[in-house]
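Have the structure open while you read.

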Amino acid sequence: MSVVQNGVGQGARIFQGSYGFSCSIWKTMTLLSIPPHYYERAIKKLPGRLSRGKRKLIEILLKDQVAEPTEIDLAIISMESQLGLRGRVSIGEIYRRAQEYGLAICPNQTILELCLSYDFLGIYSDSFIGTNLVVDPSGCQHFFRLPSKAVNFPLRSKLTSYTESVYRGEIKIIFACPR
């Protein structure tokens, strides 16, 4: 697995995974250990209101930060055309296939960083963020996606289990590309 210069476009890079899998790197971001009040203030400035449930999820995500600065490459992967998964597919199946191809699950802090840096107008809106499921105080599991319009926090989908079949069609998921 490696990241190579593509030569196409300005600085375009390609991730070379396992089994001949390759994809374009969409974005490189640096995750830092940041005081929680930074995120709280920044998220409050975004449009919309924060519900009590979203505030609880933000608190959970703030506790799950990287210990030292970490630079990660992100790729937006198509479930059908790139991972070859069709029909009703569970998150567990999607994650297993992505990991077989050498992709990695994004750190949960990626949700907050994308929320604060996302332009909400790109063609990648409604892409799911491939992180570990976030469990709220009531035991519900959440999976996040980038919204298609300006809101204050990525939209979430509640799940009853990791293996629940919930996805069908040509969905896009953001995964990390190990260096």
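## Rings, loops and a helix face

Start with Y19, which sits in the loop between β2 and β3. Keep in mind that this is a predicted model. Y19 has a relative accessibility of 72%, so it counts as exposed. Its phi is near 55 degrees, a positive value in a residue that isn't glycine.

Now move along to F21, found in the loop between β2 (13-16) and β3 (22-24). Leaving out residues up to four places away in sequence, F21 touches F15, Q16, I77, Q82, Y101 and L103. Take Q82: it's 61 residues from F21 along the chain, yet their C-alpha atoms are 8.2 Å apart.

How many aromatic pairs are there? The count comes to two, and here they are:

| Pair | Type | Centre to centre | Between the planes |
|---|---|---|---|
| F21 and Y101 | stacked | 5.0 Å | 10 degrees |
| Y95 and F175 | edge-to-face | 5.7 Å | 75 degrees |

Y95 belongs to helix α3 and F175 to strand β11 (residues 172-177), so this pair ties together parts 80 residues apart in sequence. Both Y95 and F175 are buried. Y101, from the other pair, counts as buried at 17% relative accessibility.

Finally, look at helix α2 (residues 52-62), where the buried residues are K54, L57, I58, L61 and L62. Viewed down the axis of α2, they fall within an arc of 140 degrees, so they line one face of the helix.

Key
Residues are numbered from 1 along each chain as its sequence is written. This is a predicted model: local features need pLDDT of at least 70, side-chain atom pairs count only at pLDDT 80 or more; totals for chains, interfaces and linings use all residues. Side-chain values use heavy atoms; hydrogens and water are left out. Helices (H or I, at least four residues) and strands (E, at least two) are DSSP runs, numbered from the N terminus. Contact means heavy atoms within 4.5 Å. Buried means under 20% relative accessible area, exposed over 50%, partly exposed in between (1.4 Å probe, protein chains only). The arc is that of the directions from the helix axis to the C-beta atoms. Rings of Phe, Tyr and Trp (its six-membered ring) pair if their centres lie within 6.5 Å; planes under 30 degrees apart count as stacked, over 60 as edge-to-face and the rest as tilted.
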